[in-house]
Amino acid sequence: MPPPVVPHGMCLKVMNDRNMKGGMGSDTNPLKFMDQDYNFLQDYCLKTRQRFVDEFFPPDLRSIGEGLLKPEVMARVEWIRPTKLYPEAAEFVVDTVSRFDYAQGFIGNCWFLASVGALTFQSKLLQKVVPDGQSLRHNYTGLFHFRFWRFGKWFDVVIDDKLPTINRQLIFVKSKTYNEFWPALLEKAYAKVCGSYADMHTGRVSEALLDFTGGVHMHYDLKTAPTDLWEIMYRASQSEVLMGCESPAGNEERLPNGIVLGHAYTVTKVYQVMSGRNPVQLVRLFNPWGDSEWNGDWSDNSPLWNTVDDEDRKQLLVSDNGEFWMSMKDFLRTFDNMDICCNCPDFLEGKSACKWTSKSHNGSWVPGSTAGGCMNHPDTFCTNPQFWLRINEMDKTCDQGQNNVLVSLIQKPDKRNRRLAQHHGIGFCVFAVPPEMRSEGKFRSSFFNRKPVVTSGNFQDARQVMKFFRLEPGEYLIVPSTYLPNKNADFILSILCKNDIQIQKDTERTEKDFLVDLIGVSESGCTEKEDEESKTKFLFRQYSDQYKVVDAEKLQQILHENLLRGRKNAEGFGLDSCRSMIAMSDFCVTGRLQGSEFVRLWDRITTYRDIFYNMDSSKDGVLSLNELQNALEKTGLHLNEDILNLMVVRYGGASEQISLEGFICLVMRLNCMASIFQKLCENGKISLDESEWIGLTMYS
Amino acid sequence: MNYQGYGAPPAAGGYPGGFPGQQQDPLYGYFTAIAGQDGQISAEELQACLTQANFSGGYRPFNLETCRLMISMLDRDMSYSMGFNEFKELWAVLNGWKQHFMSIDRDMSGTVDPQEMNQAISSMGYRLSPQAMNSIIKRYSSQGKITFDDYVACCVKLRSLTDVFRKRDQAQQGMATFQYDDFIHCTMSI
């Protein structure tokens, strides 16, 4: 059976570059929130010597919002710039940004401030959210901007610096350093995207963590947490990560142990100490109130700190600033849930050698069209958007039998004001698609008589649901839905996978999807394959140099001595052909093959060799036009007649017959080009700029 | 985008051997010695022709794959063989590349280094990203060196691919779009 397609190194680079350049909505090229251009406004205010006033988030009652303050209190609100509150003393940042810079104000937005606390630990993430170069002194115009990831896109949000005060005291988030204003301004910007300050009241910490990162989000219910959650948190803390947690539901009453109910906390550190001879896993938490700490084991005054050595005791906290340690055991017992948002998915499991593939799709549930509701509505469930997913074989060194797929479903709000957004119950189902049921377009209701292989669990009226699970290589269908039919909403479906994947929305599938087939390996085939792999690894060790790589000259030697040995009239593989095979097989564009790359390449070469000999019906050592056509179909490739004729001329030369060497080069290149087209195509076409075109085609 | 080409397309071909003037072209002898009666040469014949003409001089003769690329570059009737006028155009282009290569390979070692290759490609008017340039050099170097044969193979492909790109970027916006069959046809023919 032909092996799965190997991704092309240059193609991967093109894909990554496109994601990084991103066009509009990337973190380096954010969209303008409400179409306000910070640079334009800054230049305009400097030239006209005006102080910026934001007409889209005006300094009046509308921006505070209803229901937050009593009318008599609201009447006393004054909007004052920091430069007026503290003339000559106001600063954007005093010293550096820190989680101890602020304390929560009148809004119940601890979920937001806990996320800000997490952000202060991560300078790279912080710089994305709080762009550099802003000041209350130099080039001051009263204009500031911040950036947030909102429902799949980064936005640059512009604000003026008029802040709501009563008796010249900030009524919302306060700086502990009286003249520092970045927390209050950041809060104002987020209030703007939420619609008003009142719209920031009550939320989940995960919401802001995701809006600050756009990264991989994992939610953990601490009552059913994985046994290695501490290790997960520890690994995450080695990357650019934001972690927050929530205490059990309540109205912010304080428990005897110091924990506040219905409150959000930041996870600020994960550390292990030796208590006497016993290792103890600790977590450090921060209460965005800036006070009210846990008073149990390992807290600021806990005698347990006397049982550790001097090095570990340096971790001890003595200030009543809202930050405290507790053991992992107490953490699991005391808190309800936690969230991790990380730019790098490696925290999900211990081994970091593997690369994750990330895909996102936008979709809509439209009443009467694609709002089919959950599986409780069998007549309409099939009308939901359907996403076809192919999961390819994973490199064996990466596969430890753990979960390999993280699916996330986010519903977008239909209102600007966060409080008015109506969250439907949402979830998704994953179905296995048997090979004989492969089809174009949408599956009908009869397909859904089967049981899903995975579901997201109970439907939740939340902004986001996600699930981390295992899927074997094969084809699947993901169906996101609302709980009830005929609910209107847009959504983002994201899939993160350790395997290489292809995913397409039901309206985008075309015949080309099946051009490069994955054919499953039978159980007995697996055993044979493992034996073959051992031989191939031996071959690699035999021919690789001291750097454990194989270059084109070595590959040529391997091919001549192990593939063509004993064959008469063999033209041999040219050096250029060997370079081409390497270019099509090496992921990192180094021009050389590592062990796993070589194993894959050799597997493909031997497979194509076997196909060649099977198709050479006249046994003359070459393929005719008809034989070539049959052989290509065996590899899963279909070509129209013109291209087929061209291949015979191009690879057959004067004799118009294809040698083994020509066949192997032809099929590898054809697979490579078809794969590139498939990965980069949109609406059945591929668009490339000149460097992309030259890079992809020259390096192959 | 600013494209630089290599002169105008050749004039419409006449009939081989049909004009007395053509028979006096010094290249014609090399061509007819190989092409024989049909007036067309295949990749194998082109390789023999260039070797016999000692085109590479002190450099290693062209390998068969490079000769196939040469035919592909200039073959406009998709016959995958070459007539005399195409041969003349090829000879002129090859001479230009050879002079260029020799000007870089000052010590006549037969190879150039990646930096020199980078400069050579840039000086021919190609504006490629550093990433694309780097991948090309990795693709065409052995032990960090580029031979004349590889240099020519690289130039042939660059010229063919640039021609393909330009034809699909009619508005000169810097983007070419391909349907599937067209993409496979273009990428598999060189």
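Begin by selecting A:Asn287, which counts as buried because its relative accessibility is 0%, where buried means under 20% relative accessible area with a 1.4 Å probe and protein chains only, exposed means over 50%, and partly exposed lies in between. The model is predicted, so that local features need pLDDT of at least 70 and side-chain atom pairs count only at pLDDT 80 or more, whereas totals for chains, interfaces and linings use all residues. Residues are numbered from 1 along each chain as its sequence is written, chains are lettered from A in the order in which they are written, and side-chain values use heavy atoms, without hydrogens and water.

A:Asn287 sits in the loop between strand 12 (278-286) and helix 11 (310-313) of chain A; helices (H or I, at least four residues) and strands (E, at least two) are DSSP runs, numbered from the N terminus. Show next the residues that A:Asn287 touches beyond four places in sequence, namely A:Val260, A:His263, A:Tyr265, A:Ser292 and A:Gly322, a contact being heavy atoms within 4.5 Å.

Which helix holds A:Cys110? A:Cys110 lies in helix 6 (residues 110-119) of chain A, and it counts as buried because its relative accessibility is 7%. Leaving aside neighbours within four places in sequence, A:Cys110 is in contact with A:Gln104, A:Glu252, A:His263, A:Ala264 and A:Pro288.

Move on to the open sheet of four strands in chain A, whose order is 15-22-17-20 with antiparallel pairing; two strands pair if DSSP finds at least two bridges between them. Its edge strands, each pairing on one side only, are strand 15 (357-365) and strand 20 (464-469). Strand 15 pairs with strand 22 (residues 489-497) over nine bridges, and A:Lys359 stands opposite A:Ile495 in strand 22.

Finally, select strand 24 (residues 685-689) of chain A and strand 3 of chain B, which run antiparallel and are joined by five bridges. Here A:Ile686 stands opposite B:Phe178.
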